[in-house]
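This briefing presents selected features of the structure shown below. Please keep the sequence and the model in view while reading.

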Amino acid sequence: MRRRWHWFERDLAARAGLVALASIALLALAGPLASPWRVDELDWARIGVAPGLEAAHWFGTDRLGRDLFVRTLAGVRVSLAIGLLATLVSLLIGVAWGAIAGYAGGRLEGAMMRVVDVFYSLPYVFFVILLTVTLGRSPATLFISIGAVGWLTMARVVCAQTESLRHKEFIEAAVAAGLPVRRILVRHVLPNLAGPVLVYATLTVPGVILIESFLSFLGLGVQEPAASLGNLMAQGTAEMESAPWMLLAPCAFLVAIVLALGFVGDGLRDHLDPRER
Amino acid sequence: MSAEAPLLAVLGVGVSFPGARPPVRALADVELRLLAGRSLGLVGESGAGKSQLALAIPGLSAPGAVVEGSIRFCGEELINASPARLRALRGRHIGFIAQDPQAALAPHLKVGTQLTETLRSHHALDARAARAAALQMLERVQVPAPAARLGQYPHELSGGLRQRVSIAIALIASPSLLIADEPTTALDVTVEAGIRALFLKLRQELKLALVLVSHDLAVVGGLCDEILVLYAGRVVESGPAAAVLKDPRHHYTAALAAASATLEAPLGLPLATIAGSQPAPGVELAGCAFAPRCPAAAARCHAERPPLASVAAGGARVACHFPRASA
Amino acid sequence: MSYALRRLLGLVPTLFIIVSLAFVLVRLAPGGPFDQEQTLAPEIKANLERAYGLDRPLGEQYLRYLGRLAHGDLGPSMRLRDFTVNELIAIGLPVSLTIGGLALALSLLIGLPLGLGAALARRRGLDRLLMATTALGIAIPPYVTAPLLALVFGIYLRWLPVAGWEGGQLRDLVLPVVALALPTLAYLARLTRASVLEVAGLPFVRAARAKGLSEARIVLVHVLPPALGPVLAYLGPAAAGILAGSLVIETVFGLPGMGRFLVEGALNRDYTLVLGKVIVYATLVLLLNLLVDLLRALLDPRIRARRRA
């Protein structure tokens, strides 16, 4: 195991990405403790002030006098939480779907992967908009929307990987020994999927974060007064002529998170993914 | 040795990949001479460096390769020749046939285009004249229905036809030297026999000099005047084909000859194999590279690399401290 | 040509499935477009629902919708009552097609040469610089670049208008098109680079070199056409991505495109508007995918052969 992680000491981008991620997460969790302000607290005396040291509004305030340092970090927490949670969900669906399809093979695999292809070809935003008509604006809509696309790549990767595993000797030995399918899947197939699954889970997180902020930006995701990077950016865009700081802080955090996750994911992929890309 | 100036003279050539991890020396200290119209077979296991040599001659070594020594073609030094000069020689004076005809033809270009572009990049020819030359060349390599082939794509041809087309492409500008890298390896046995017959015919008709790369001594023996045996990037034996085949002096050549599948081999007997394997790429042994597998190896073989030295009249040379006795 | 026609007809069942799914999805929920208007008297609301046919059974509504759709009629908008959906689309589609089409063209015109250049300058400075910038370009979505571009070029430098659409003048187009194109452009550049490098390592390129062809001919005739296959294949998803991005771009720059009223329509249950626009978007994506498929067949004789069979 130690040897497997040796590359990490040489991969500067991946290491920088991990450090940046850890710092952002730490800031998002601990930062608000340093500020005297709460997420929805209004500072009537200082509405729309620029970033500065005055009254500890380090990132300035918005049109209602809410502190943007605290709100931006709240947005980071929301984005990271949704990113991790939705990735976990899509990981469960994707791994189960892909492993079953890949292990079954034949017509079932064809049918299951066809479903994945159809979902892939749908422009998902429009699917989300249709879903919003049905379910209204709610966290459920957000989760279903993200879940509908998040698991697809994972299912494809896992399916291909399982298919190649199925023909390996140790699996065939397990089959020949008469082990039940479920046991073979859980005991022999899944542990060998860990590498690629970890890689694509890492790469799913930024994708999910982008979808969430996109939907929130359009007004279809996280709703006021809760803060997310997407809706903070939407408000910032509306006010950018007079209060550009409202736009810049959430933008910077979003870009930093996505880039950092991308670096870590690429590093993992280059070194852990047995499929040579 | 003949006093005639050789068409191709290779001296002290080495090919290495210093950027690889570990750095690899694919070829070291290779020496060969080829007269116009004569043919030379390069023989060895995969990894012996024969393809590296075939590629180095027309300057086609992979990016990252460092080629040293001297390669003279018609007296002209090719190592460090300008890219433009090498381009002018390739195709026009030095033809090249790659191992896999499936992979060596561009899948998206018609056979006719691939034939004529060589001609047209070297000669000012109009499309009609180039087409006529292409037709003639396809006939010469015995492609049936040549006119129809010009409009076809490679995937529409059989493996044997593709290799004939590759040969036609390599020969269309009438080069004086043809380098063929395992031209029959990817083909069926029956198709292979046809291609070998074609090589014999073309050599006679066109007065071609030929460098033929093969892992099979029998193939080379039928087509070549001389043989050069490579092992782990070095020449271990060279000489007239008949002598090397009949009376191999190096223990590796002898083993290779025994392992070579010939149609005369009695059925039911297992083919001889050579135990062990070549040193891994990047591993440099102090002594003879074959010593670990050699039945006749002594302590000296492991410590000291034998030089390539003449062992008989007629130009046979061998790199071995204890060569096999002459039969 | 007959092949193209056959493929075009093949879109009809796909479109039918999309329309049906969308219809079901939109009408699954209880409530209607007129529920949220508290000031509406019950009898007026009933009248409205009758006028729009919402009092009929769902199956009948579906059939009537399909019938009208067959004649190209998407029905009246339920919330913007002075307009039919056709009229709203007629206003928005040219705008969206203009910025979407220009963005796609820009990504191709710049992304392809950039990727090719990076591949040729492999691992030297230019290549590394391009790869670093494109990594950034992909990671930053258009809803981040759009307001940032507007901020810099519209507000600080005052070179271009921050928003607006005065008949589609060039100065109004620049920022939206650039913001929309950047991620696709970056991705296309990377894809082209990877694809060119992959093809350049194939044996037939060495064979071309062995023929003594000029480097220009090798790159343009031997390497580029097969390398474009994966790049073209990406154009379908790229177009879908640009359409999705155009929703945000139109919001940020206040453009009267297809995306306008769509989000509001979804929130207000403007069935006909949402259905109509989604159908038009889906048709666009399907048509573009078809076009890409046909183009790929032009480039690759093997695909053509498979299709004839």
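In which sense do E6(B) and strand E7 of chain B pair? They pair in the parallel sense, over 4 bridges, with E7(B) covering residues 177-181. This is a predicted model, in which local features need pLDDT of at least 70, side-chain atom pairs count only at pLDDT 80 or more, and totals for chains, interfaces and linings use all residues. Residues are numbered from 1 along each chain as its sequence is written, chains are lettered from A and ligands numbered from 1 in the order in which they are written, and side-chain values use heavy atoms, without hydrogens and water.

**The sheet of chain B**

- An open sheet of mixed pairing holds 8 strands in the order E6-E7-E8-E3-E9-E10-E12-E11 (strands are DSSP runs of E, at least two residues, numbered from the N terminus; two strands pair if DSSP finds at least two bridges between them).
- Strand E6 (94-97) and strand E11 (309-310) of chain B stand at the edges with a single partner strand each, so one side of each lacks a neighbour in the sheet.
- Phe96(B) has Ile179(B) in E7(B) as its bridge partner.

**The interface of chain C and chain A**

- Contact (heavy atoms within 4.5 Å) links 36 residues of chain C with 30 residues of chain A.
- The two chains bury about 3,000 Å² between them, 85% of it on carbon and sulfur atoms (buried area is the accessible area, 1.4 Å probe, lost on being put together, summed over both parts).
- In chain C, Leu25(C), Tyr143(C) and Leu267(C) lose the most area to chain A, together 20% of what that side buries.
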